[in-house]
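Please have the sequence and the model open side by side as you read.

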Amino acid sequence: MEVERSTKKDDDLNSTATRDGSTEEEVSVERIFEASHEVPPPWQNQLTIRALIVSFILSILFTFVVMKLNLTTGIVPSLNISAGLLGFFFVKTWTKILNKAGILKQPFTRQENTVIQTCVVASSGIAFSGGFGSYLFGMSDVVAKQSAEANTAMNIKNPHLGWMIGFLFIVSFLGLFSVVPLRKVMIIDFKLTYPSGTATAHLINSFHTPQGAKLAKKQVRALGKFFSFSFLWGFFQWFFTSGDNCGFANFPTFGLKAYKNKFYFDFSATYVGVGMICPYLINISLLVGSILSWGVMWPLIDAQKGKWYSAELSTSSLHGLQGYRVFIGIAMILGDGLYNFVKVLGSTIFGLYKQFKNREVLPVNDRSSPNAVTISYDDKRRTELFLKDRIPSWAAVTGYVVMAIISIITVPHIFTQLKWYHILTMYIIAPVLAFCNAYGCGLTDWSLASTYGKLAIFTIGAWAGAANGGVLAGLAACGVMMNIVSTASDLMQDFKTGYMTLASPRSMFLSQAIGTAMGCVISPCVFWLFYKAFDDFGKTGTAYPAPYALVYRNMSILGVEGFSALPKHCLMLCYIFFAAAVIVNGIRDGVGSKWARFIPLPMAMAIPFYIGGYFTIDMCVGSLILFIWRKLNKQKADAYSSAVASGLICGEGIWTLPSSILALAGVKPPICMKFLSGSTNVKVDSFLNPS
């Protein structure tokens, strides 16, 4: 599984915001701002040069963070709070300096803060939806060599900066145009929750009140301290990593036997921080999955070596133990994804039916209707400004059609296996799927972008056929579909944030478009740096194994060539775990939220099946720190935990930039710190010091 932006279950699980507008708010936020004589600036003044400069700097920072997480375990937590907090800090500092110099022309507003947050999240989001840790890198020969099938030149396309940037520019903007005409329907008429967007809006609104600004400064200070600690810790660890399996990241915390089975604490500040952000249930589910797979199943299957599969096979062969690890994990991912796809689609259809049947829409113009809904002052104010700067529907439709035509013409030149009629079919269906994803995300906060991508892998791959490079066609189709539906739901989340902070829809749309354009350049460049800096990049067991690249490639192989790659009894086990994922999800929904919090999530359990359990130990340590902190001082923990976690994630994440540059320059660490058993150590000593 990839846990997408905002710890998304494929898909966000940690939002706590309540439905906006369902009741009269105890304190009117807009009256507070009105009392301070705040007047929202015109949309042109919300999109300032300083906002774009700060967005660009933060986009580079967050892209490194997301890329590192993508290429290690695939778990990417919500960075919205960090983006909003750091955006506030940078521009507030900027304006404070200019104000003291007497040359401040425009004060810093919450609308400008919203624009920065939107731009940064849109840009760094391309590092995920661009497939650098999944479908896009899955096309490469590095990943193809680790798979048993479809290793022909027709099914391989190695990364190159030129075609990656071009491809992302072509496909990433369609999602923006696909749902713009529905913004009023989604936000005002249907009053969808969009918990992540709502939570971000509450955060930004609080920053710009006097008390909130004071707290934000303290949060930034905490983020800075732990950012520095995490960066310096990454720098310190680098000195001990001059060879394979060297350094603190390979410390056998629970003994060498446990280390062999991927159970150890690897001293990663990044994943301790991720664990502090992710809900307890996610981290416990990861740990349960680690124990089930590496503690029970893989040792039992390994004991069948020579019976179920050849004992002569290498450890990386998909016809051996590695095949069970990869394909059983895929089965759980697909089972969970299918269940949630049906569930969210059902919620979408039922929600639409209910709203149209009962006309449960907010009357904007007809105030005299006897069935008119009583709305708060805040909603009246927000609705008025949200409808003020309209984005013409004809512009959105024209933009979609023009981008679709360009894409249909150009994408087949990048991927010759993907034909124009494949792309045309996807673009006809995509607006409907984008709407479903955006609507479902508004109800549940779950973006099923990767699930729609997997559907494209199987359908387009099978349509293209094995003889015509169907594996590569499926992966490319995944990229096209995933970018559209992901961008659509992200844009609606941002519209919700803008609605609640009185940011103009035009400034929000343009900031999302600018952020997307930044991401289409920054993300490939950052990936290219990783790709060129590390010789063992993308290989199993290395610092950057890009595990989901192999998972996505093998999904495409399954869709095109069937189950020929599976070892003995693997298909039966896949059926069992596929069914188990569906059943467990059904039980979770059946018992209600009171008991569901004690039942592990199948999608989260599937992650360590292939990767190992080491990062789950880190994340559980993060959960433990937060748990103890909240027991000691709940108020302080709630106020500062996100800032501390973001500092831990960002510090070690940004260390990858200088470490990559050092690797490109051929500078190697001076020390290799390894951990050996007593008997092995005696042999090493006798070899080095013969008597």
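Start with Lys-262, which has a relative accessible area of 23% and is therefore partly exposed. Keep in mind as you look that this is a predicted model. You will find Lys-262 in the loop between α12 (256-260) and α13. Its backbone deserves a glance: phi is positive, about 70°, although Lys-262 is not a glycine. A second residue belongs in this part of the tour, for Phe-267 is also placed in the loop between α12 and α13. The phi of Phe-267 is near 60°, again a positive value in a residue other than glycine. With 24% relative accessibility, Phe-267 counts as partly exposed.

Now step back to the whole chain. The protein has 28 helices and 0 strands. Its radius of gyration is 25 Å, close to the 26 Å that the globule rule gives for 691 residues, so the protein is as compact as a globular protein of that length. Along the principal axes, the C-alpha trace spans about 90 × 55 × 50 Å. Of the 691 residues, 59% are buried.

Two packed helices are described by the angle between their axes and the distance between the axes. For α3 and helix α5 (residues 110-129), the axes come within 8 Å and cross at roughly 35°. The crossing of α3 past α5 is right-handed. On the α3 side, the residues that meet α5 include Val-54, Leu-58, Phe-62, Val-66 and Met-67. On the α5 side, the partners include Ile-116, Cys-119, Val-120 and Phe-128. Sorted by class, this contact has 11 nonpolar, 6 polar and 2 charged residues.

Is Gln-117 buried or exposed? At 0% relative accessibility, Gln-117 counts as buried. Leaving aside residues up to four places away in sequence, Gln-117 touches Asn-80, Ala-83, Gly-84, Thr-200, Ile-204, Asp-494 and Thr-497.

Our next stop is Cys-650, in helix α27. Cys-650 has 1% relative accessibility and so counts as buried. Not counting residues up to four places away in sequence, the residues that Cys-650 touches are Leu-61, Phe-62, Val-65 and Phe-227. Cys-650 and Gly-224 are 426 residues apart along the chain, yet their C-alpha atoms are separated by 9.8 Å.

Finally, turn to helix α26 (residues 614-632). At 1.5 Å a residue, its 19 residues should span 27 Å, and the end C-alpha atoms are 28 Å apart, which agrees. Which residues of α26 are buried? They are Tyr-614, Phe-615, Thr-616, Ile-617, Asp-618, Met-619, Cys-620, Gly-622, Ser-623 and Leu-626. The cover over these buried residues includes α3 (49-72), α13 (269-277), α14 (280-302), α25 (602-611) and α27 (634-664).

Conventions: Residues numbered from 1 in each chain as written. Predicted model: local features only at pLDDT ≥ 70, side-chain atom pairs only at ≥ 80, totals over all residues. Heavy atoms only, no water. Helix = DSSP H or I, 4+ residues; strand = E, 2+ residues; numbered from the N terminus. Expected span 1.5 Å × (residues − 1). Buried < 20%, exposed > 50% of the residue type's maximum accessible area, 1.4 Å probe, protein only. Contact = heavy atoms within 4.5 Å. Axes fitted to C-alpha atoms, helices over the stretch in contact; angles between N-to-C directions. Left-handed = near helix turned anticlockwise from the far one by under 90°. Nonpolar A, V, L, I, M, F, W, Y, C, P; charged D, E, K, R; others polar. Rg over C-alpha atoms; globule rule 2.2 N^0.38 Å.
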